[in-house]
Amino acid sequence: MPVENKIDNTDVNPNSVWTLKEKTAFRIAFIYVALLLIPNPEVLNYVKNIDWLHLNCRDLFIIATWRHLDYVHIATESGRWGLLSYINLFIPLLIAIPSALIWGYFDKDRKEYNKLYYWISVLVRYKVGIGIVAWGYRKLVPGQMVWPTVGIMNTPFGDFQAQKLYWQAVGIVPEYEVFLGLAEFVAGFLLLFRKTTALGAALTAVVLGNIVIANHVYDGSVHVHSFYYTLLAIFLLWKYLPSITRLLIGRQDVAPAIYYPQFNEKWQRYTRTGIKLFLHYVFVGLFFALQVIDYIYDPYRIPETKGLPKSEGYYEVTEFKYNNQLMPYSPLDSLRWHDAIFESWSTLSFKVNRPAVMDQSNGGGYSELDIERSWELAGIGGGRRFFYYEADTVNQILKLQNKNAAHRDETMILHYSRPNDTRIILSGINEFKDSVHIVLDKVDKHYAMLNGPYRKLALYNKD
């Protein structure tokens with residue numbers, strides 16, 4: 001096993017004088033990484049509005065995984081999923097290169113940047129470590145890729161976006177999701193200790209690099225964020241690479257000369273220890289506890305408000321009247337509902353033959369508002385509409401609003417009645433301000449997957 005030499009006095013270190021190439025490379029990397037550590041203004045605005053007396057795991061997740069600064073937004077296919085989506089990771093490099101050359105011109109006599117490298121590495125270690133632990137918790141407590149909803153179980157395969165298929169394929173195997181979360185957690189946790197930095201950075205680069213590839217294959221929405229962590233992990237490995245190469249390829253005994261400053265003053269040691277304990281308590285201990293509580297009582301991708309009691313299921317549209325005119329079923333009809341689905345939470349969805357803007361996100365989950373939790377509709381096409389509803393059970397009225405952000409202005413007010421346990425009758429004003437009368441009859445469908453051995457993990461499926 002290689003042993004690190006803790007060197008405080010760099011004059012006794014034969015490797016302390018850096019070459020011109022090393023200094024130039026470090027200057028570029030330092031400026032580039034410093035720019036990547038600048039948080040997006042949206043994150044700062046969110047943090048300013050946090051209720052610190054009622055902190056939840058969503059708040060800690062936003063802080064732990066803050067997004068880097070966006071310089072430009074390219075609203076094209078390549079700008080979302082292709083090479084142009086990396087533009088905001090490339091622009092800082094264009095800034096860093098000339099800035100580093102100017103820095104080098106005015107700092108020619110500098111022999112090394114050991115201290116500066118140490119402190120920027122500390123910032124990167126905690127940024128990446130805390131961020132990956134946060135992402136790991138969302139899989140370790142299986143909530144990032146969630147159990148199939150009734151709507152998803154009744155969606156034709158061809159109506160799914162590629163990334164939805166990938167995320168749902170992981171969601172139906174919670175044990176695999178937990179394994180992925182454990183891998184991310186271990187990689188991030190190792191980065192929180194300087195003695196395991198190299199191992200943690202190597203694991204992070206491998207695990208997150210795999211996520212980058214998977215998201216490119218399935219047109220995912222987090223490939224840039226994953227690549228961001230991969231880049232920072234490679235930066236942390238930079239100092240260790242020569243020793244790793246000699247150890248693994250040259251089969252030589254190595255003792256990496258890594259600079260660590262000495263904290264001789266009491267206040268320095270206490271401050272350092274206090275900051276470490278605080279960060280570990282908040283982003284490792286407290287975060288995990290809040291994530292478990294959130295999963296049990298309020299799964300972050302699934303609406304919290306319960307739906308109409310015993311209404312969950314798939315319904316045939318037995319009768320449909322539009323402005324008092326009876327409309328027979330036709331697969332080409334753009335007004336008549338083809339079917340309807342009630343989830344166990346406050347979502348009613350129905351299918352019509354009318355185009356809609358697809359929600360191409362990965363399902364959100366940051367908001368505490370039910371209408372903004374979009375997992376059930378993200379990546380699903382085929383004309384299905386998803387409406388959040390508030391139920392007035394006294395007057396038997398449903399107030400509905402389209403959950404799709406592109407169609408949020410669509411609202412309905414429907415009176416409901418339930419002659420029996422399998423029939424729901426809706427009547428009132430639809431999203432076009434026309435009158436409708438709809439008779440829904442529940443179909444007795446059984447889903448082997450939803451009743452399988454992992455159903456106990458899908459707590460939100462319970463009425």
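Rings of Phe, Tyr and Trp (its six-membered ring) count as a pair if their centres lie within 6.5 Å; planes under 30 degrees apart are stacked, over 60 edge-to-face, and the rest tilted. By this rule the count comes to 31 aromatic pairs. The model is predicted: local features need pLDDT of at least 70, side-chain atom pairs count only at pLDDT 80 or more, and totals for chains, interfaces and linings use all residues. Residues are numbered from 1 along each chain as its sequence is written, and side-chain values use heavy atoms, with hydrogens and water left out.

**Aromatic pairs**

- Trp 18 and Tyr 113 pair edge-to-face, at 6.1 Å centre to centre and 65° between the planes.
- Trp 18 sits in the loop between strand E1 (5–7) and H1, and Tyr 113 in the loop between H5 and H6, so this pair ties together parts 95 residues apart in sequence. Helices (H or I, at least four residues) and strands (E, at least two) are DSSP runs, numbered from the N terminus.
- Both Trp 18 and Tyr 113 are buried. Buried means under 20% relative accessible area, exposed over 50%, and partly exposed in between (1.4 Å probe, protein chains only).
- Phe 30 and Trp 103 have ring centres 5.7 Å apart and planes at 65°, so they too are edge-to-face.
- Phe 30 is in helix H1 and Trp 103 in helix H5, so the pair ties together parts 73 residues apart in sequence.
- Trp 103 has 22% relative accessibility, so it counts as partly exposed.
- One aromatic cluster is formed by Trp 18, Phe 26, Phe 30, Trp 103, Tyr 113, Tyr 117, Phe 235 and Trp 238.

**Nonpolar cores**

- A nonpolar core is a set of buried Ala, Val, Leu, Ile, Met, Phe, Trp, Tyr and Cys residues joined through side-chain atoms within 4.5 Å.
- The largest nonpolar core has 59 residues; Ile 120, Val 124, Leu 232, Phe 283 and Phe 287 touch the most other members.
- Elements that each supply at least two residues of this core include helix H1 (20–36), helix H5 (87–106), helix H10 (197–217), strand E2 (257–259) and helix H13 (266–297).
- H6 gives the most to this core, with 13 residues.
- Beyond residues up to four places away in sequence, Ile 120 touches Phe 26, Phe 30, Val 33, Leu 37 and Phe 235.
- A second, separate core has 24 residues, including Val 317, Leu 348, Phe 350 and Val 436.

**Whole chain**

- The protein chain has 13 helices and eleven strands.
- Its C-alpha atoms fill a box of roughly 90 × 45 × 40 Å along the principal axes.
- Of the 463 residues in the protein chain, 50% are buried.
- Among contacts (heavy atoms within 4.5 Å) between residues at least 6 apart in sequence, 69% join residues at least 24 apart.

**Individual residues**

- Gln 163 lies in helix H8 (residues 162–171). Its relative accessible area is 2%, so Gln 163 is buried.
- Leaving aside neighbours within four places in sequence, Gln 163 is in contact with Tyr 218, Asp 219, Gly 220, Ser 221, Gln 360, Ser 361 and Asn 362.
- Leu 241 is found in helix H12 (residues 241–248). At 40% relative accessibility, Leu 241 counts as partly exposed.
- Leu 241 and Gly 364 are 123 residues apart in sequence and 38 Å apart in space, C-alpha to C-alpha.
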